[in-house]
Number of protein chains: 2
Amino acid sequence: MDADDMVLVSVDDHLVEPPGMFDAHIPARFRDAAPRVVRKDDGSDVWTFNGAEIPNIGLNAVAGRPKAEYGVEPTAFDEMRPGCYDIHERIKDMNAGGLLGSMCFPSFPGFSGRLFAAAQDKDLALAVLQAYNDWHVDEWCAAYPGRFIPMGLIPLWDPQLAAAEVSRLAAKGVHSVTFTENPATLGYPSFHAAHWDPLWTACCDHSVVVSIHLGSSGKLAVTAPDAPVDVMITLQPMNICQAAADLLWSRVIKQFPQIRFALSEGGTGWIPYFLDRLDRTYDMHRLWTGQDFGDRMPSDVFREHFLTCFISDPVGIQLRHMIGIDNIAWECDYPHSDSSWPQSAEELEAVTAGVSDEDLDKICHENAMRWYSFDPFAHRSREHSTVSALRAEAAGHDVSIRSFDKGRFEKQIGVDLGELERRATA
Amino acid sequence: MDADDMVLVSVDDHLVEPPGMFDAHIPARFRDAAPRVVRKDDGSDVWTFNGAEIPNIGLNAVAGRPKAEYGVEPTAFDEMRPGCYDIHERIKDMNAGGLLGSMCFPSFPGFSGRLFAAAQDKDLALAVLQAYNDWHVDEWCAAYPGRFIPMGLIPLWDPQLAAAEVSRLAAKGVHSVTFTENPATLGYPSFHAAHWDPLWTACCDHSVVVSIHLGSSGKLAVTAPDAPVDVMITLQPMNICQAAADLLWSRVIKQFPQIRFALSEGGTGWIPYFLDRLDRTYDMHRLWTGQDFGDRMPSDVFREHFLTCFISDPVGIQLRHMIGIDNIAWECDYPHSDSSWPQSAEELEAVTAGVSDEDLDKICHENAMRWYSFDPFAHRSREHSTVSALRAEAAGHDVSIRSFDKGRFEKQIGVDLGELERRATA
């Protein structure tokens, strides 16, 4: 399929929360304690909450930057593309990238909102979390109906409150909540505890997908303190297989036949091997471990409960029918460093040569629509939803790759950008 | 290829060390402190050394047992197949399984020998380690020339001693040493430290492969204390990708162009995705992380330095040319629970339908021979090395699946084996 003809719904993008987002949503008595943005002496902007300072990490907002300027240094709002945090600019960037729909994970609260959970004052924590969700649904998503899959945070510290928030969000049309890869590493009961049952029940009752983003366990894949950062970057996606294995063998899957999980930013190429490994483990060991899926194999069970996704994954595309063609969605990952925005559609075209239109439509938008109960075509015809149609609406929008405040950046990383750029183009 | 016509060299099997193995090799002054076998009140046999007790774990010696009897309970020598620890019985089992060659990892010292490294008396530690190696090479392997790829343990606590042991072993014809997945998790400097350079130098000088077995980091993939054991079993092979990423991005690869690593029991189906991930990481991030492989991509570098292997991996076989047909070896994993012995050849035949004889010969024995400088055909013609030829020599050897002391086992696991077996055959 030509990039122009694709209809792209991304199940994993990110927003950088704008200053002032809580103003219209936080009850007055919590206003002073709500998170706020502070500019630091080094020129970077940080969120502050509950005694913590959370920088905007450069690598998480690099869309539109030259690769030589990627880095983990703290950054400022005026050094990012406005599309990171401004909804109107975001839509322009989405149009320029040919992106019809997008589900946006949070940034400063952590992928699963654990920053809020850390507050000792749980009334404050809940007020802030609900204000976040209301802003996300009523401002960010509502500004452009049919363009965003709304996603909520849940109170990690109380499964009853979590269930109540799922219900409250469902009434606002939300069918996705973000949860951690591993509650045990965050100090909560594990996936194997009945503790979380109220949450799973609410998600089943309201057709809400539990979206699990890589890196949400609070444990990075760091092999050694002196390991190059490349090691961590390489290993990130595959580490989500720990969550997949943990859940697949857990009581959650057996007790809640309607529960559904998404492995966000986890890639897909490793999954055929993983499914084979699940089935072999079951075949060799179930008689002493006591696992019992009746007449199904673990790979069948995986396909009933897990949505996977990729940015650009030639291996996963080749093996798509071993994974399950109804279990694969596409993601853009804007504005993170793994994204190819604004050329994502062209990258996808290159790695999907020979894939049927039927398969590609499932991967590009149909699976995302079905899993997340999302219907962009209620707001815009399919014909006006293609990459080329959206790009036509963005005519004139500047998507050129450019540096932001080179001087400050050079000082931060202590290198000569000119030298790096010569290497980049060599 | 018919199973009968295969020539099978396994790059990953295991031996259970027999009592008395140190007697002929340990200097007299260390005899009393050397490891010894003690029978416990519960009927199991344990090795004792340096104040530690190391049980023979049932799951590590289940060859020939019904699957319903697999388990992690401690076991006794008289409950294992003698092929686990008796070299003459091992050869009969190898012949019955059609297995020409085998590389045997240690059991009670840990895959990388860290039990010995823990001894405070380093003279004792070195004496025991060298006695172990001498027993392995001069008794276990030498009893049947051309049937074993000898493998040595190295002193983890001292890189100079490690280098010296590599040289000493090389003089005895050893081209493989076992090392840990991650020295940092064992409390040593990481792969990124110059600390280990004497070891890498010695391995390069003597064409010795550094064989890294899954589980040798001392850190199991345990997601939560209450996670079912199936989670850990499922995740074990893929976790070795951490070692692969750690080494690929390390200075070791760049400073020692001749160094070679084997990812033992790591499987292969995940590797095409992993290589794609390496190349994407390099493409997106090298300009700020500073990685530089000249005109090669990380996937090329991987193929120069890493041997992979599988027991039975339909995904890896399908993708063998994306992995590198010269980088894949086969393993039997006798007598562990993942092994299909004595039907390994038939299992391999089933998953390699359509694979050319040329590719299969590389996977089954040629790659192992080249990487490990191993030449079984100097001792036995190829014609007499096939599965069918070896099985003819084992005529009459009993390989039937049978229980060992059912009563003790039922008591240990508290279940009725008859019930489990009815489920097994249902």
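**How the two chains meet**

The two copies meet through the same surface, because 100% of the interface residues of chain B are also interface residues in chain A. This is a predicted model, in which local features need pLDDT of at least 70 and side-chain atom pairs count only at pLDDT 80 or more, while totals for chains, interfaces and linings use all residues. Residues are numbered from 1 along each chain as its sequence is written, chains are lettered from A and ligands numbered from 1 in the order in which they are written, and side-chain values use heavy atoms, with hydrogens and water left out.

The contact, which means heavy atoms within 4.5 Å, takes 67 residues from chain B and 67 residues from chain A. Between the two chains an area of about 6,100 Å² is buried, and carbon and sulfur atoms give 62% of that area; buried area is the accessible area (1.4 Å probe) that two parts lose on being put together, summed over both. Tyr273(B), Leu287(B) and Trp288(B) supply 14% of the area that chain B buries against chain A, more than any other three residues.

**The interior**

A nonpolar core is a set of buried Ala, Val, Leu, Ile, Met, Phe, Trp, Tyr and Cys residues joined through side-chain atoms within 4.5 Å, where buried means under 20% relative accessible area, exposed over 50%, and partly exposed in between (1.4 Å probe, protein chains only). The largest such core has 222 residues, and those with the most contacts inside it are Trp200(A), Phe274(A), Trp200(B) and Phe274(B). Leaving aside neighbours within four places in sequence, Phe274(A) is in contact with residues of its own chain, including Cys241(A) and Phe302(A), and also with Thr234(B), Leu235(B) and Met238(B).

Helices (H or I, at least four residues) and strands (E, at least two) are DSSP runs, numbered from the N terminus. Helix H6 of chain B, residues 229–248, is largely enclosed by the rest of the structure, because 17 of its 20 residues are buried. In H6(B) a kink of about 50° lies at Gln236(B), shortly before the proline Pro237(B); the bend at a residue is the angle between axes fitted to the seven residues ending there and the seven starting there.

Trp200(B) is also among the buried residues of helix H5 (residues 197–205) of chain B, and what covers those buried residues includes helix H4 (159–171) and strand E8 (209–213) of chain B. Thr308(B), in strand E10 (residues 306–310) of chain B, counts as buried at 1% relative accessibility.

**Details of the backbone**

In chain A, the peptide bond from Tyr334(A) to Pro335(A) is cis, with omega near 0°, and a cis peptide bond also joins Trp341(A) and Pro342(A), with omega about 5°. Asn50(A), found in the loop between strand E3 (45–49) and strand E4 (52–57) of chain A, has a positive phi near 55° although the residue is other than glycine, and at 35% relative accessibility Asn50(A) counts as partly exposed.
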